[in-house]
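Student: Can we go through the side-chain contacts in this one? I'd like to start with the rings and then move on to strands and charges.

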Amino acid sequence: MPTRQALVTYGVTTAAAATITLAALLQPWRGAGPRSLPPPPVSPARRAVDVVFAVDTTGSMGGLIEGAKRTVWSIATHIRQTEPDAELRIGLVAYRDIGDDYVTRDFALTGDLDAVFAELSGYQADGGGDTPEDVAAALYDTLHRMQWRGDARKLVFLVGDAPPADRGDVPAFDALAREAGDRGIVLNTIRCGLDGDTARAWQQIAALGHGQFSTIEQDGGVQQVATPYDERLAELSAQVDRTAVIVGDDGERAVYERNLAANAAAPAASKADRAAYYATGSAGPAGGARASNDLVGGVLAGKMRASKIAKTALPADLRGLSPEELQAEIQRRAQLRRDTEAEMARLARQRTEYLRSNAKGGEGGFDAKVNAAIDAQLK
């Protein structure tokens, strides 16, 4: 029986409480097995939404992958606009086939969308060769490696341009699609290009998984519209980033900086989409911590207190402050964040109206198909 190589990246998020001295760890790591901590509970007033994108990353999928990088923030914002109280987590499964660098590469469901974007930014289209790809391995990992929350709305988007290969190492793709449907995991399929065998398999998978089937252009069909608000929103978002105080060790602060670097390298429209996400719904003004171990965000949310944080867990430039000085500095940053996020929210609304007025025609690309399914399945 053939074997497959799976790379597993975990993003673990836990809520930081006011009575502990160290905020929760948020650091993706790679391991060899499906070990993961249980997902955090959802606060009673919010609705859990878990979304996994299972994406073919072989050589022919370069256009789609680049389009997904540009639009993941706008998709997340659309979810917030559709379900303002959503407690959103996103996971990723990249897949290829036996003989490639990897068969699957998994990134665990997490509410840290900066970490999701950083992982997605590392995706490169490569490998492939023969037409079929190991779709069954991607579906298996989606169902069995992701830590789905029991009370969540569970959505999957399987995206690819090649039909499933039967490698015999996991159950067949149709059995896995049926399992998704039985478990209440809605399985949507998006075919890139015009391959007929892929269409037939994708239609079967969507039918068994109680989801939607759609087709987009081979290159993903993403049409990102620039707006007059993009640069200012990106500047404001970066200003909020600089107000964060990441508590923990230097490794955790390095993770935060790595995620910021990935976003800093994105196009202006993508940066504006990120800003709009943080300005939307329950992630909006005074409510959007940039990481679970962001002290300023924790204070604004009423979940953390500066006086309860050990000095050794603070960044080096804050360790020498007295308790009173530290409190004053956190309050200064919190007020700056409130003011900045208020302007972000105003500009984000204006940007949304601009995009609605300047929407391009046609059937739409990857982001449009995802958003249409979200509208139907969350509402």
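**Rings, strands and charges**

Tutor: There are 7 aromatic pairs in the structure. Rings of Phe, Tyr and Trp (its six-membered ring) pair if their centres lie within 6.5 Å; planes under 30 degrees apart count as stacked, over 60 as edge-to-face and the rest as tilted.

Student: How is the pair of Trp73 and Tyr277 arranged?

Tutor: That pair is tilted, because the ring centres of Trp73 and Tyr277 are 5.5 Å apart and the planes stand at 55°. Trp73 belongs to helix H1 (residues 62-82) and Tyr277 to helix H8 (residues 268-278), so the pair ties together parts that are 204 residues apart in sequence. Helices (H or I, at least four residues) and strands (E, at least two) are DSSP runs, numbered from the N terminus.

Student: Before I go on, what sort of model is this?

Tutor: It is a predicted model, in which local features need pLDDT of at least 70 and side-chain atom pairs count only at pLDDT 80 or more, while totals for chains, interfaces and linings use all residues. Residues are numbered from 1 along each chain as its sequence is written, and side-chain values use heavy atoms, with hydrogens and water left out.

Student: Which charged end sits over the ring of Tyr278?

Tutor: That of Arg290, which is 3.9 Å from the centre of the Tyr278 ring. A charge sits over a ring if NZ of Lys or CZ of Arg is within 6 Å of the ring centre and within 35 degrees of the ring normal.

Student: New topic. How many residues of strand S3 are buried?

Tutor: In S3 (residues 47-56), 9 of the 10 residues are buried, so the strand is largely enclosed by the rest of the structure.

Student: Which strands does S3 pair with?

Tutor: S3 pairs with strand S4 (residues 86-95) in the parallel sense, over 10 bridges. Ala48 stands opposite Glu87 in S4. From S3 the chain crosses through H1 to S4, and this β-α-β crossover is right-handed. S3 also pairs with strand S6 (residues 153-160) in the parallel sense, over 7 bridges, and there Ala54 stands opposite Leu158. Two strands pair if DSSP finds at least two bridges between them.

Student: What does right-handed mean for a crossover?

Tutor: With the strands pointing away from the viewer, the path from the first strand over the helix to the second runs clockwise.

Student: On to charges. How many salt bridges does the structure hold?

Tutor: It holds 25 salt bridges. A salt bridge is a side-chain nitrogen of Lys or Arg within 4 Å of a carboxyl oxygen of Asp or Glu.

Student: Glu87 came up in S4. Which side chain does it meet in a salt bridge?

Tutor: Glu87 meets Arg149, at 3.3 Å, N to O. Glu87 is in strand S4 and Arg149 in the loop between helix H3 (135-144) and S6, 62 residues apart. Glu87 and Arg149 are both buried. A network of salt bridges links Asp50, Glu87, Arg89 and Arg149.

Student: And which residue meets Arg274?

Tutor: Asp114 does, in a salt bridge of 2.7 Å, N to O. This pair links distant parts of the chain, with Arg274 in helix H8 and Asp114 in helix H2 (residues 113-121), 160 residues apart. Arg274 is buried, with a relative accessible area of 4%, and Asp114 is buried at 1%.

Student: How many residues of H2 are buried?

Tutor: 8 of the 9 are, so H2 is largely enclosed by the rest of the structure. The buried residues include Asp114 and Phe117. At the start of H2, a side-chain oxygen of Asp112 reaches to within 3.2 Å of the backbone nitrogen of Asp114.

Definitions and conventions. Buried means under 20% relative accessible area, exposed over 50%, partly exposed in between (1.4 Å probe, protein chains only). A polar contact is a pair of N or O atoms within 3.5 Å; within protein, one must be able to donate a hydrogen and the other to accept it, and residues adjacent in sequence count only if both atoms are side-chain atoms.
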